[in-house]
Amino acid sequence: MQPDLLNLHALHHFRTRSPLTHCMTNDVVQTFTANVLLALGASPAMVIEAEEAEQFSAIADALLINVGTLTASRAQAMRRAIESAVAAGKPWTLDPVAVGALAYRTRFCQQILALKPAAIRGNASEILALAGMSAGGRGVDTTDTAASALPAAQALARQTNAIVAVTGEVDYVTDGLRTLTITGGDPLMTRVVGTGCALSAVVAASCSLPGDRLDNIAAACGWMKRAGTLAAAQSRGPGSFAPAFLDALWDLGGQP
Amino acid sequence: MQPDLLNLHALHHFRTRSPLTHCMTNDVVQTFTANVLLALGASPAMVIEAEEAEQFSAIADALLINVGTLTASRAQAMRRAIESAVAAGKPWTLDPVAVGALAYRTRFCQQILALKPAAIRGNASEILALAGMSAGGRGVDTTDTAASALPAAQALARQTNAIVAVTGEVDYVTDGLRTLTITGGDPLMTRVVGTGCALSAVVAASCSLPGDRLDNIAAACGWMKRAGTLAAAQSRGPGSFAPAFLDALWDLGGQP
Amino acid sequence: MQPDLLNLHALHHFRTRSPLTHCMTNDVVQTFTANVLLALGASPAMVIEAEEAEQFSAIADALLINVGTLTASRAQAMRRAIESAVAAGKPWTLDPVAVGALAYRTRFCQQILALKPAAIRGNASEILALAGMSAGGRGVDTTDTAASALPAAQALARQTNAIVAVTGEVDYVTDGLRTLTITGGDPLMTRVVGTGCALSAVVAASCSLPGDRLDNIAAACGWMKRAGTLAAAQSRGPGSFAPAFLDALWDLGGQP
């Protein structure tokens with residue numbers, strides 16, 4: 001990640017448009033996800049009852065579907081929200097948390113893939129499983145490197161027409177033809193719950209920006225990597241990392 | 001907000017009585033809400049299954065109803081909790097998150113208004129919508145200033161007999177006849193999820209205090225504004241703001 | 001708590017084994033629970049749909065059942081997860097939040113006691129109620145000291161064959177015959193939501209370690225007490241306490 005890869009142009013778009021981002025995400029990371037979006041200037045909203053989710057995803061600029069704490073009723077509401085977003089021409093992003101390791105959510109994610117996500121963001125195990133190339137990881141942790149899942153990510157991108165981001169120590173963002181590589185970040189990010197899930201929310205919001213979607217999603221990955229690097233340098237552990245990370249996102253590129 | 005308007009008398013009551021506050025609130029802000037109440041000396045408890053919610057709201061000193069992530073089953077449990085609180089003579093407070101923008105929760109809030117809330121706390125768009133004077137905001141964000149919603153707040157207060165707090169850059173607290181104005185705070189508060197929702201919880205707890213309810217609710221608004229001002233002065237962004245805000249609430253007026 | 005009671009041997013086991021800990025816990029403390037486990041080197045995962053919870057608790061190293069925001073559907077999923085864990089020979093830990101005060105969860109906890117928890121962690125009121133010796137506390141707060149509940153904890157341990165930890169200003173860990181006492185910590189821990197619930201998660205994870213279970217659970221209590229003491233010394237209030245507490249857990253015994 002070179003300085004010019006921070007993509008200040010996309011960041012400016014993100015802050016001035018303040019994408020209204022409908023997050024249907026897991027119960028563990030909702031607060032952090034909202035705070036990450038707010039720190040970057042977006043407008044997060046979590047709306048979950050089926051009737052409301054359907055109504056809201058047509059209003060919002062972007063929709064995030066994260067299956068971390070999927071339930072039967074949440075799955076039903078997610079499906080209605082996705083269909084409504086698609087009908088309204090709004091992009092939706094899939095975070096297939098722990099897909100491959102757990103059968104129920106794996107079936108669900110395979111079904112909704114047919115509803116044309118604009119983007120998919122996962123770790124190596126999840127992307128391998130979603131592409132049908134692996135039995136998946138150990139719970140939410142990946143047992144593979146992002147690089148090892150790059151062929152799967154490229155195949156998945158070609159198969160679904162989604163931009164696929166397979167993230168880890170290095171992030172790869174691909175449309176199946178072109179692949180961008182984003183380095184940076186810090187291992188401390190894996191000791192704070194929700195950094196990956198929050199990245200998916202930023203990816204979701206970035207899908208609503210003008211310009212090239214592959215570039216915008218790579219920019220989202222770059223902002224999170226950069227903030228992670230800056231925050232780790234100022235932290236004594238994962239506790240002080242989290243507020244420093246939000247401050248770094250807020251300050252990115254000089255704010256305001 | 002002048003120093004004497006911090007209302008140290010009400011703050012002392014709040015800390016020594018430690019109101020047991022039953023929070024039926026949205027999934028995104030539960031932790032922050034609990035921590036705000038704890039920092040101020042209250043005893044928060046989140047109880048959500050209908051049978052338990054009904055039992056608990058008769059035991060607790062105050063009840064908060066926040067519809068941010070309303071579901072059908074939560075709505076049913078809320079209704080039973082409210083009825084039980086009312087039967088036991090305990091005050092309940094409504095936070096009509098995103099009412100006006102979303103049809104399902106708008107219907108629900110209009111129905112439960114008949115159950116006589118002691119207080120209503122919302123932003124301008126929400127209060128305008130609840131008073132039937134607007135179609136509501138863009139998601140959870142307000143598109144109106146609090147001042148523009150003051151006539152609606154006053155009308156709503158007269159119509160429901162509740163104290164209505166319409167909050168934003170300036171807060172107004174009204175019973176329809178008398179109106180108190182609270183200034184202070186910091187724009188950074190809008191970049192941390194749950195500051196408004198947590199204020200509603202403090203308002204709910206304040207409804208259980210002895211003395212004039214309008215004054216007590218204005219005091220609650222003043223404590224949050226003051227803590228926001230103090231925290232912003234010590235923060236580098238929204239990440240460091242949140243812990244500084246809780247510390248400031250804890251320290252308010254010299255603690256302990 | 002003497003320095004040698006920090007049990008660095010157990011801490012080393014905890015960090016190197018990184019127990020995959022299935023947390024079925026309440027909505028208010030999920031993020032903090034996950035971050036506490038991550039700071040100590042464990043792998044938390046929250047999986048809640050009945051089918052998935054059943055599958056996952058057989059894969060995970062340990063299961064936590066916390067009834068803080070119990071619902072009917074969550075109770076059903078918990079029961080299936082427990083049965084699956086037991087069948088797979090995996091230990092499960094009960095945190096009976098507010099048992100005694102609320103009838104629905106009290107019945108549920110009494111029923112699942114028959115499914116042989118490896119450990120039970122609660123405050124004095126909860127342990128007294130679970131042992132059938134008290135009507136329980138005021139909401140989630142205890143109205144008794146841990147010492148006053150020690151006989152109840154010992155009786156409950158003998159009756160259930162679980163290790164029982166009754167925690168408060170002083171922690172007692174007992175198998176009904178042997179009792180270990182852990183001192184330390186700080187009153188500020190009671191002003192941050194989830195410190196007790198997170199301790200239960202660490203206790204749950206510790207049940208999967210090799211060696212003496214009583215010692216391992218006492219070690220878990222000791223780590224949290226020590227981190228609480230260290231964090232309080234560096235905090236200005238409950239807001240700055242929480243990140244300092246996670247940093248202290250991360251640093252415990254010199255990390256990494």
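Biologist: How many residues does chain A give to its contact with chain B, and how many does chain B give?

Modeller: In this predicted model, contact is counted where heavy atoms lie within 4.5 Å. By that rule the area buried between chain A and chain B is about 2400 Å², with carbon and sulfur atoms giving 53% of that area. The contact itself takes 32 residues from chain A and 27 residues from chain B.

Biologist: Which residue of chain B meets the side chain of Glu52(A) in a salt bridge?

Modeller: Side chains of opposite charge can pair when their charged atoms come close. Between chain A and chain B the count is two salt bridges. In one of them, the N to O distance is 2.6 Å, and the side chain that meets Glu52(A) belongs to Arg105(B).

Biologist: Which element supplies the largest share of the side of chain A that touches chain B?

Modeller: Across the interface of chain A and chain B there are 13 residue pairs in polar contact, both residues being at pLDDT 80 or more. On the side of chain A that touches chain B, at least two residues each come from helix H2 (30-39), strand E2 (43-45), helix H3 (50-59) and helix H10 (238-251) of chain A. The residues of that side divide into 15 nonpolar, eight polar and nine charged. The largest share, six residues, comes from H2(A).

Biologist: Turning to the next pair of chains, which residue of chain C forms a salt bridge with Glu51(B)?

Modeller: The contact takes 31 residues from chain B and 27 residues from chain C, and the area buried between chain B and chain C is about 2400 Å². Two salt bridges are counted between chain B and chain C. In the one formed by Glu51(B), the closest N and O atoms are 3.1 Å apart, and the partner is Arg107(C).

Biologist: How many residues does H2(B) give to the side of chain B that touches chain C?

Modeller: Between chain B and chain C the count is 13 residue pairs in polar contact, both residues being at pLDDT 80 or more. Two or more residues of the side of chain B that touches chain C come from each of helix H2 (30-39), strand E2 (43-45), helix H3 (50-59) and helix H10 (238-251) of chain B. The residues of that side divide into 15 nonpolar, eight polar and eight charged. H2(B) gives the most, and its number is six residues.

Biologist: Inside chain B, is H4(B) roughly parallel or roughly perpendicular to H5(B)?

Modeller: Helix H4 (residues 72-87) and helix H5 (residues 103-112) of chain B have axes 12 Å apart and pack at an angle of about 10°. Angles under 35 degrees count as roughly parallel, so H4(B) and H5(B) are roughly parallel.

Biologist: Which residues of H9(B) make the contact with H1(B)?

Modeller: The axes of helix H1 (residues 8-17) and helix H9 (residues 213-233) of chain B come within 9 Å and cross at roughly 90°, which means that H1(B) is roughly perpendicular to H9(B). The residues of this contact divide into five nonpolar, one polar and no charged. From H1(B) the contact uses Ala10(B), Leu11(B) and Phe14(B), and from H9(B) it uses Asn216(B), Ala219(B) and Trp223(B).

Biologist: How many residues apart in sequence are the parts that Arg121(A) and Asp95(A) tie together?

Modeller: Arg121(A) forms a salt bridge with Asp95(A), the closest N and O atoms being 3.1 Å apart. Arg121(A) lies in strand E5 (residues 119-122) of chain A and Asp95(A) in strand E4 (residues 92-95) of chain A, so the parts joined by this pair are apart in sequence by 26 residues.

Biologist: Where is Lys116(C), which has a positive phi although it is not a glycine?

Modeller: The phi of Lys116(C) is about 60°, a positive value in a residue that is not a glycine. The place of Lys116(C) in chain C is the loop between helix H5 (103-112) and strand E5 (119-122).

Note on methods. Residues numbered from 1 in each chain as written. Chains lettered and ligands numbered in written order. Predicted model: local features only at pLDDT ≥ 70, side-chain atom pairs only at ≥ 80, totals over all residues. Heavy atoms only, no water. Buried area = accessible area lost by both parts, 1.4 Å probe. Salt bridge = Lys/Arg side-chain N within 4 Å of Asp/Glu carboxyl O. Polar contact = N/O pair within 3.5 Å; in protein donor to acceptor, adjacent residues only side chain to side chain. Helix = DSSP H or I, 4+ residues; strand = E, 2+ residues; numbered from the N terminus. Nonpolar A, V, L, I, M, F, W, Y, C, P; charged D, E, K, R; others polar. Axes fitted to C-alpha atoms, helices over the stretch in contact; angles between N-to-C directions. Parallel < 35°, antiparallel > 145°, perpendicular 65-115°, else oblique.
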